[in-house]
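Student: I have a model to look at and would like to go through it piece by piece. Can we start once it is on the screen?

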Amino acid sequence: CKLLIYQPDMLTLPITSIKELYNNTPINKIITKIHKSRQLKSNKSKLYKKKKNLFGLLNNKIDLFDRIILGKIFFKKKFGYRELDLNTWMDTKNTKIHTIFTYFKTLKIYWEKIYPKVDVKLVSKENSCNCKSLNNKNKLLLLGDDIQFSENIRRKNFISLKRDLNIILTKTKNNILQIDFKPHPGSNDLDNLELMKFLKKEFKNFKINLLNKSISPEKISCNYMFATGAFGTGLFKIKQACNYCIVVGLTSQSKYYYIMNGEDGKNCWLKVKNTDIGVIKDDGSILKNSFKIKKRKRYFITFFSQLKKHLA
């Protein structure tokens, strides 16, 4: 039988590793410097070093219990880490995978380097968008994050957010009348209320609305002229769901996650390189063509169309 892999999320490599990926650094040199494809082994921040990594220790024990104890009980064998140490069942060079489907060019490059003989296909998401233009749209969607930062970092985030939102409002020729804040499903309600107070204080001339955090971003994407927030899968889903919504990620709202993991965070916009998501950099400068709508091709390769083709 064919083993088909569907990976809908962004690559979780550190930004340093993504940069190396685009610079054609050998993949073995990249993955040997990271722990389970997420954090650099030798580049942890001072904040990280001050705290005991209790969650990491707990997760490791749970993982070993799952692989060894439960493996013996249910399958009469152990499931140890394999060659690539990626903490996933896709962690062996001698793979039986036939095709990998992904939405992201970065992931395509990544898997092609790990599995040179495997067909990695770049696909698009299906959508039911009926929007014809940006006309009659006057709302901005702000996506929240789920990371709980210190009060000091939150203050810095708010200052940058005010600057970045004003850049967006100016670029959209002040056609925005309403700002909707959609919190991350795993976010803290008190943090969300604090952000709402900030928005209402700093943007008094706009209607500020708090959305239910369980709402799916792609289902409401066609209501908005503009969508923004930290770099993540949410922005990508909106961009794929609506043909006429300008989507721009904010470096200032993303960088501290990487700073806490020992990186400077300024190049975190590389996460959306080779996508149609625009970028406002950490200094407030704008990546070229970030505010332009690219006409989407009428016929494009989707995951389900490719799946049907393979199963035919």
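Student: In β10, which residue is the bridge partner of T228?

Tutor: Keep in mind that this is a predicted model. T228 belongs to β9, where T228 and F226 point one way while A227 and G229 point the other way. Strands β9 and β10 run parallel and are joined by four bridges. Within β10, the bridge partner of T228 is V248.

Student: β9 also has bridges to β6. Which residue stands opposite F226?

Tutor: The strands β6 and β9 run parallel, with four bridges joining them. F226 is one of the buried residues of β9. Opposite F226 stands L140.

Student: What handedness does the unit of β9, α9 and β10 have?

Tutor: The two strands, β9 and β10, run parallel. Helix α9 covers residues 233–241. Together β9, α9 and β10 make a β-α-β unit that is right-handed.

Student: Is G278 buried or exposed?

Tutor: G278 lies in strand β11, residues 278–280. Leaving out residues up to four places away in sequence, G278 touches F231, V247, V248, G249 and S290. The cut-off for buried is under 20% relative accessible area. G278 has a relative accessibility of 5%, so G278 counts as buried.

Student: There is another sheet, with strands in the order β1-β4-β5. Which of its strands stand at the edges?

Tutor: This is an open sheet of three strands, and the pairing is parallel. Each edge strand has a single partner strand, so one side of each is left without a neighbour in the sheet; the edge strands are β1 and β5.

Student: Which residue of β5 does T102 stand opposite?

Tutor: Strand β4 spans residues 97–102 and pairs with β5 in the parallel sense over four bridges. T102 therefore falls within the β4 range of 97–102. Its opposite residue in β5 is L122.

Student: At about what angle does α11 run to β4?

Tutor: Two helices can be described here. Helix α5 lies across β1, β4 and β5, running at about 175° to β5. Helix α11, residues 303–311, also lies across β1, β4 and β5, and its angle to β4 is about 165°.

Definitions and conventions:
Residues are numbered from 1 along each chain as its sequence is written. This is a predicted model: local features need pLDDT of at least 70, side-chain atom pairs count only at pLDDT 80 or more; totals for chains, interfaces and linings use all residues. Side-chain values use heavy atoms; hydrogens and water are left out. Buried means under 20% relative accessible area, exposed over 50%, partly exposed in between (1.4 Å probe, protein chains only). Contact means heavy atoms within 4.5 Å. Two strands pair if DSSP finds at least two bridges between them. A crossover is right-handed if, with the strands pointing away from the viewer, the path from the first strand over the helix to the second runs clockwise. Axes are lines fitted to C-alpha atoms, for helices over the stretch in contact, and angles run from 0 to 180 degrees between N-to-C directions.
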